[in-house]
Amino acid sequence: MGFILKGVLGLVLATLAYLVVIYYKLSYVPEVPVFPETWWGKGEPGKEDISIKPFKVDVSKQILDDLKQRLENAIPLQPPLEGVKQTYGMNGNLLQKVVDYWKNNYNWTERQNFLNQYPHFTTSVQGLKIHFIRVKPQISKNSDIRVVPLLLVHGWPGSVREFYEIIPILSKPQKGRKVVFDLIIPSLPGYGFSEATSKPGLGPERIAQIFKNLMKRLGYDKFYVQGGDWGSVITSHMSVVYPENVLGLHLNMCACISKWCSLKIALIGATFPSLLATEEELPLFAPVSEKSAEVLLLEMGYAHIQSTKPDTVGVALRDSPVGLAAYILEKFTTWTNREWKNLEDGGLTRKFTLDQLLDNVMIYWVTRSITTSQRLYSETFNKKMAVFGLDDIPSKVPTACARFANEILTHPESLIRLKYPNLVQSKIYPDGGHFAAFELPEVLAEDVYNFVEKIL
C-alpha cells in the first residue's frame with residue numbers, strides 16, 4: 001500500500017513540476033531584441049543619399065501600351081458553375097465586368113492625376129528607396145490647434161491608395177478638435193513605389209526600424225502610429241522595440257497571438273468563450289465563432305502559399321493583369337464582408353468604386369511589385385522570426401483598438417490587454433471590415449482623433 005501511495009505521490013509531483021515548466025515557458029517574456037542597422041540595398045553598404053526628393057506617379061507609355069495589349073489579348077474567362085456566386089473564388093462573370101470596365105472606362109491619365117493630388121517623396125533608408133506621401137495641415141498662425149505627426153501604415157493587398165479618403169479628414173482641422181495631423185504615409189518596402197530588398201530577412205520588425213528611421217529623417221523622434229493588416233503588425237512591433245519613439249499606437253486589426261493567449265484560446269475560448277469575451281464580443285471572437293471557421297478554412301490559403309512559395313505564385317500574377325485583379329479583388333469581397341461571397345456582384349461596389357479598386361490593382365501592376373510584396377509573408381512566418389519572440393512581449397505604449405464587425409481577425413479585450421496592457425480605448429463598430437480606412441474613413445478618423453486627444 002505504501003509503495004502505491006509513493007508512486008501516486010511521485011506522479012503528482014512530476015505532473016506539477018511539468019505544469020510549472022509549461023507555465024514558465026508560456027508566461028516567459030523575452031528581452032526586447034536589438035536589431036542592427038542592416039543595409040537592405042543591393043550589394044555592400046555604400047554612401048547613402050539621405051536627401052528627400054519630390055516624386056510623381058508617372059507611368060511610361062510603354063507600360064500602359066503593354067497593359068492594354070494584355071487586356072485585349074486575355075483569353076476568355078472560365079465560366080463559373082451555376083449558382084455559386086463567389087464561393088469558388090472570383091466569379092468569372094464578375095471578373096469579366098471588371099476587366100471590361102478596366103479596358104473601356106478606366107482612365108489612367110485621370111487616375112494618375114488623382115494619385116498625384118498629394119505630395120509624394122522618396123528618400124533612401126538603409127539602402128532602400130522608400131516612397132511616401134506627406135500631407136501637412138494648413139492652419140493659421142494664431143490657431144491653438146496642435147499639429148502632431150501620424151504615421152499611417154498599410155498592408156497586403158493594399159497600398160497607400162487605401163488612405164486617400166481619410167487624408168483630408170485627418171489633415172484638415174475638424175470642428176471641436178484640439179489636434180490635426182501631419183500625415184506620413186509610406187509604401188512598404190517591395191510594395192508599390194518603394195524599392196524591394198535584394199536580401200532575405202526583411203520582416204515586419206525590420207520594416208518597423210526603417211519607418212522609425214524615416215520619421216527621424218523627417219524630423220520626428222516621437223510620433224503616433226496607425227495601422228491595419230501588416231500595418232498593425234509593423235506598428236505593434238515598433239511600439240515594442242522603439243517605445244521611446246511611439247507616443248501612441250492605434251490599430252484596426254487587434255489580436256493577441258502570444259503563447260499565453262493561444263493557450264487561453266485553445267483551452268478556454270473553444271469550450272467556455274463567455275469566460276473570455278463579453279456578450280457584445282462573442283459574435284466577433286474568432287476562435288469560437290462560425291465566421292472564424294470560415295476565415296480559417298476559406299480565407300487563409302493564400303497566406304500559406306505566400307509564406308512558403310511567394311515567388312512561384314508571383315510569376316503568374318506578375319504576368320497576367322487579369323489574374324492579378326482576380327487575386328487582389330477577391331480579398332476586397334470576402335475581407336470586407338464574408339457574406340458577400342453569396343452575391344453575384346461580390347458586393348464590390350457597395351463600399352468601393354471600380355476606379356478605387358483598380359487604382360490599387362494598378363499600383364501593383366505598373367510597379368511589378370506583387371511578388372516582392374508577397375515575400376513579406378515568408379519573412380514573417382519562419383523559425384528565424386519566431387526566435388525574437390516579439391508576439392510574447394507586451395507593448396507598454398498607450399494603445400487604441402478600433403474593432404470592426406467584419407474584420408478577419410479580432411480578439412476579446414481580455415486577450416488584447418495581455419498584449420497591450422496600456423489599452424486606453426477599445427470600441428466595437430457594427431459595420432466595416434478589413435480595409436477600414438478605405439471603407440469607413442470618417443469612422444476610423446473619428447476613432448483616431450478620440451484616441452490621440454485622450455493621451456495628449
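Asp66, Arg70, Asp319 and Arg368 are joined in a network of salt bridges. The model is predicted. Its protein chain holds 19 helices and nine strands, and the structure has 19 salt bridges. A search of the whole structure finds three cavities of 30 Å³ or more.

**Salt bridges across the sequence**

- Asp392 pairs with Lys259 in a salt bridge, with 2.8 Å between the closest N and O atoms. Asp392 sits in the loop between helix H16 (383–388) and strand S8 (399–404), and Lys259 sits in helix H8 (residues 259–269), so the pair ties together parts that are 133 residues apart in sequence.
- Asp392 is buried, at 14% relative accessible area. Lys259 is partly exposed, at 46% relative accessibility.
- Arg403 and Glu281 form another salt bridge, their closest N and O atoms being 2.8 Å apart. Arg403 belongs to strand S8 and Glu281 to the loop between H8 and helix H9 (290–299), so this pair ties together parts that are 122 residues apart in sequence.
- Arg403 is buried, with a relative accessible area of 5%. Glu281 is buried, with a relative accessible area of 5%.

**A salt bridge between sequence neighbours**

- Glu205 and Arg206 meet through their side chains in a salt bridge, at 3.8 Å from N to O.
- Both Glu205 and Arg206 are buried.

**The loop between H8 and H9**

- Besides Glu281, the loop between H8 and H9 holds Leu276.
- Leu276 is buried, at 9% relative accessibility.
- Leu276 and Ser414 are 138 residues apart in sequence, yet their C-alpha atoms are 6.1 Å apart in space.

**The largest cavity**

- The volume of the largest cavity is about 130 Å³. Its lining has 16 residues, and those closest to the centre are Glu162, Gly228, Asp229, Asn252 and His434.
- Strand S6 (223–227) and helix H18 (436–439) each give at least two residues to this lining.
- By class, the lining of the largest cavity has seven nonpolar, seven polar and two charged residues.
- Asp229, one of the residues closest to the cavity centre, lies in the loop between S6 and helix H7 (230–241).
- Phi of Asp229 is near 55 degrees, a positive value in a residue other than glycine.
- Asp229 is buried, with a relative accessible area of 10%.

**The second largest pocket**

- The second largest pocket has a volume of about 280 Å³.
- Its lining is made up of Leu64, Asp65, Leu67, Lys68, Leu71, Glu72, Trp102, Lys103, Tyr106, Trp108 and Met362.
- Helix H2 (61–73) and helix H3 (92–104) each supply at least two residues of this lining. H2 gives the most, with six residues.
- By class, the lining of the second largest pocket has seven nonpolar, no polar and four charged residues.

**Backbone points**

- Lys85 has phi near 55 degrees, a positive value in a residue other than glycine. Lys85 is in the loop between H2 and H3.
- Lys85 counts as partly exposed, at 25% relative accessibility.
- The peptide bond from Trp156 to Pro157 is cis, with omega near 0 degrees. Pro157 is in the loop between strand S4 (146–153) and helix H5 (167–171).

**The annotated domain**

- An unreviewed UniProt entry places the feature "domain: Epoxide hydrolase N-terminal" at residues 52–163.
- That span, residues 52–163, is 30% helix and 22% strand. Its end C-alpha atoms lie 22 Å apart.

**Overall shape**

- For 456 residues, a compact globule would have a radius of gyration near 23 Å; the protein chain has 23 Å, which agrees.
- The C-alpha trace of the protein chain spans about 90 × 65 × 50 Å along its principal axes.
- Buried residues make up 54% of the 456 residues in the protein chain.

Notes
Residues numbered from 1 in each chain as written. Predicted model: local features only at pLDDT ≥ 70, side-chain atom pairs only at ≥ 80, totals over all residues. Heavy atoms only, no water. UniProt positions renumbered as here; feature names shortened; annotations may be inferred. Helix = DSSP H or I, 4+ residues; strand = E, 2+ residues; numbered from the N terminus. Salt bridge = Lys/Arg side-chain N within 4 Å of Asp/Glu carboxyl O. Buried < 20%, exposed > 50% of the residue type's maximum accessible area, 1.4 Å probe, protein only. 1 Å grid on protein atoms, 1.4 Å probe; cavity = no way out; pocket = protein on both sides within 12 Å on 5 of 7 lines; lining within 4 Å. Points joined across faces, edges and corners; volume = space filled by probe spheres on them. Nonpolar A, V, L, I, M, F, W, Y, C, P; charged D, E, K, R; others polar. Rg over C-alpha atoms; globule rule 2.2 N^0.38 Å.
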